[in-house]
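Please find below a colleague's note on the structure shown here. It is arranged as numbered points for a reader new to the subject.

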Amino acid sequence: MAGFVARRLVQSVIVLIMVSFIAFSFLHLLPGDAALVILGGEATQEEILNLRQELGLDQPMWVQYGRWFTNALQGNLGRSIFHRESVISVIAKRLPVTIYLGTLALLLSILISIPAGIISAVRRGHISDSIITVAANLGMAIPIFWLGILGIYFFSLKLGWLPVMGYTSPLDNFWLSTKQAIMPVICLAVIPLATLTRQTRSSMLEVIRQDYIRTARSKGLKEKTVITRHALKNAIIPVVTLLGLQARYLVGGSILVEQIFNIPGMGRLMVSSVFDKDFPIVQGCILVVAIAIILANLVIDLSYGYLDPRIRDD
Amino acid sequence: MAEVTTTNEILSGNAPRTNELRRFMRVFLGRKVVLVGVIIILVLIITALFAPQIAPHDPIKQNLRIALQSPSSEHLLGTDPLGRDILSRIIYGSRVSLAVGFIAVGVGGVLGMTLGLLAGYFGRIVDLLIMRFIDAMMAIPPLMLALVLGVSLGGGLNNVMIALGISLLPTYARLMRGQVLAVKQADYVKAGKVVGCSDFRIMFRHVFPNCLPPLIVLVTLNLGVAILSEASLSFLGLGISPPGAAWGAMVYDGYTYLMTNPLLSFAPGICIMLVVLAFNIVGDGLRDVLDPRLRGTI
């Protein structure tokens, strides 16, 4: 087990270094003089020279990367070009918002998808299975920015049940915050909900065909016990793996959802910084998100190795 | 497999293959949902190809006197704030969706499969380097990667296609590598080495074709993903430049007029959903026919 943990840790560090390199290189993809592109045509020669120096563009690329990377290791991701503050403090203000909404969305999708997947598999071919399968397929196909707009139209504009947009911290005003969070959380949950339901259904279908399930049934166990104690335990493993991947979709979703509902989180910061070409922020966001995703996968992999010795020894 | 083939059919050499194809089509199109999916995709392709003939109006021509009209017999879905016919813009928008879908998947597929083939075939350090790089790409959410790449490359529709393609690449590389590792053990690959085939020849003539079935499924499923991602990016303002029509951008433009003209946002959104749904259903159907073992893995 120790060897397995060590191997996975080293792997994660290598991946992180590569991510940092990818994040860093985006600035250098910009066609032409990056400083000029960032500041626009009206900038004076002096401003351009200053920015070039600030970003280190006057140095060879590997020197720039080395400097950026060693600073990043010390928790210094540079200064934002537009916010005129350190990247870390800009991100620190917005990260909790995205984590809060993302966690709620993930919880919501787990709570609904696993029972839905089980019901769908156990009652295969019944009307409930058809409804769940169709809903999951729609969930995979619906553009979530459009779902958000539909929600705003019906629940805010027509029925007046929910506020149109905005974000309030649950610590400031819990009731308002919850009302504002309902639609964004549902929109964020749609993709994880659909993928997890489909995965639960298909791995459950796979498992209930196995011999040990027939054995359990022939022992005279109640169907409920067979499903929850015998089948689910094995069927859930691929679902847990998939759970680790959901962080990617939640962050992707937050880019769209925060834009529609005007929520000051990482997603919105990302979009505005990309279009403003505020690259220190963009690089910082990518790095922070990647660390979160790598950590999530690491935790899933380690727990997986703990549960299933075959993976450990591979 | 107990099929009666006459001597002539056997001699002509193509009999079993035609039967296979026929059986494939029967099983594949036998399910009504899949058939509906195929029909939606065909309609999309025809619409995109013959947009100038089908569209009732010019999608770009502005006429402020008829701005923001409700649906009428002249403008079936009404008009936008600049007096342009919504239906015609949706019809032209199908071209963007379809082109981006195919080109992005093409870019991602070719690059990803090549990387996966190299990693799986050569193994060792090549495998290590390529796969850690792929892991790094997987640690960046695809939409985020496509957004940053698209803007960094300079924006515009072409760059969005490339950016989306690159964001799709990791899945292909992983799947291809897994397939290659399995196929590499086959006797015909070893035989190829023994008779002195070059690595290049073994890779592309012998290994590659035998890795394809699950990748074909992934391509179909990814067409939906690519179209959805393009819509998301154009919703955020990246992609085709105005006055060109793209569905995602139309949803965004209509957002401002949600209270008075909800159709402006609703109609293009429904199109995105239908098309993505169709590609997903057809992809699932293909997977079930080509390789039922894959159910739930891609």
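The points below concern the basis of the model, the contact between the chains, the nonpolar cores and the cysteines.

1. This is a predicted model, in which local features need pLDDT of at least 70, side-chain atom pairs count only at pLDDT 80 or more, and totals for chains, interfaces and linings use all residues. Residues are numbered from 1 along each chain, chains are lettered from A, and side-chain values use heavy atoms, without hydrogens or water.

2. In chain A, 49 residues are in contact with 47 residues of chain B (contact means heavy atoms within 4.5 Å). The buried area is about 4300 Å², with 80% from carbon and sulfur atoms; this is the accessible area (1.4 Å probe) that the two parts lose on being put together, summed over both.

3. One salt bridge crosses this interface (a side-chain nitrogen of Lys or Arg within 4 Å of a carboxyl oxygen of Asp or Glu). A:Arg198 pairs with B:Asp284, their closest N and O atoms lying 3.2 Å apart.

4. The largest nonpolar core has 151 residues. Such a core consists of buried Ala, Val, Leu, Ile, Met, Phe, Trp, Tyr and Cys residues joined through side-chain atoms within 4.5 Å; buried means under 20% relative accessible area (1.4 Å probe, protein chains only). B:Val207, among the residues with the most contacts inside this core, touches residues including B:Leu117 and B:Tyr121.

5. Over all chains, 0 disulfides are found (pairs of cysteine sulfur atoms within 2.5 Å).

Technical notes:
Buried < 20%, exposed > 50% of the residue type's maximum accessible area, 1.4 Å probe, protein only. Lists of a residue's contacts leave out its neighbours within four places in sequence.
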